[in-house]
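I opened a new page for this chain. These are my notes on what I looked up, entry by entry.

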Amino acid sequence: MLEALVCPQTQAQLSYDAERQELVSRAANLAYPIRGGIPVMLADEARALD
């Protein structure tokens with residue numbers, strides 16, 4: 001399923017962070033949360049990467 005998802009801002013590939021339950025976009029410098037098994041692909045819900 002991960003192959004089908006891309007960053008909504010940059011259209012770049014995402015990587016999965018199992019420990020934090022997030023999909024990470026290095027291109028956008030954002031991490032999108034996964035809640036209840038569902039990725040929340042909204043920029044205003046994403047966490048900025050350090």
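Is Ser 25 buried or exposed? I read 0% relative accessibility for Ser 25, so the residue counts as buried. My cut-offs: buried means under 20% relative accessible area, exposed over 50%, partly exposed in between (1.4 Å probe, protein chains only).

Ground rules. The model is predicted, so local features need pLDDT of at least 70 and side-chain atom pairs count only at pLDDT 80 or more, while totals for chains, interfaces and linings use all residues. Residues are numbered from 1 along each chain as its sequence is written, and side-chain values use heavy atoms, with hydrogens and water left out.

Entry: I placed Ser 25 in strand S2, residues 22-25. Strands (E, at least two residues) and helices (H or I, at least four) are DSSP runs, numbered from the N terminus. Next I listed contacts, meaning heavy atoms within 4.5 Å. I left aside neighbours within four places in sequence. Ser 25 then touches Cys 7, Thr 10, Gln 13, Leu 14, Leu 30, Tyr 32 and Leu 49.

Entry: Gln 13. Gln 13 lies in the segment before strand S1 (15-17). At 72% relative accessibility, Gln 13 counts as exposed.

Entry: the core. Which residues make up the largest nonpolar core? I found eight: Cys 7, Leu 14, Leu 23, Ala 28, Leu 30, Tyr 32, Ile 34 and Ala 46. Strand S3 (residues 30-35) gives the most to this core, with three residues. The rule I used: a nonpolar core is a set of buried Ala, Val, Leu, Ile, Met, Phe, Trp, Tyr and Cys residues joined through side-chain atoms within 4.5 Å. In soluble globular proteins, nonpolar side chains tend to be buried together.

Entry: salt bridges. How many salt bridges are there? I counted two, taking a side-chain nitrogen of Lys or Arg within 4 Å of a carboxyl oxygen of Asp or Glu.

One joins the side chains of Glu 22 and Arg 47 at 2.8 Å, N to O. Glu 22 lies in strand S2 and Arg 47 in strand S5 (residues 47-48), so the pair ties together parts that are 25 residues apart in sequence. Glu 22 is buried at 8% relative accessible area. Arg 47 is partly exposed at 27%.

Another joins the side chains of Glu 45 and Arg 35 at 3.0 Å, N to O. This pair links distant parts of the chain, 10 residues apart. I found Glu 45 in the loop between strand S4 (38-39) and S5, and Arg 35 in strand S3. Glu 45 is partly exposed at 33%. Arg 35 is partly exposed at 46%.

Entry: backbone angles. Most residues other than glycine have a negative phi. I noted Gln 11, which has a positive phi of about 65° although it is not a glycine. Gln 11 sits in the segment before S1. Its relative accessible area is 54%, so Gln 11 is exposed.

I noted Asn 29 as well, with a positive phi near 60°. Asn 29 lies in the loop between S2 and S3. At 38% relative accessibility, Asn 29 counts as partly exposed.
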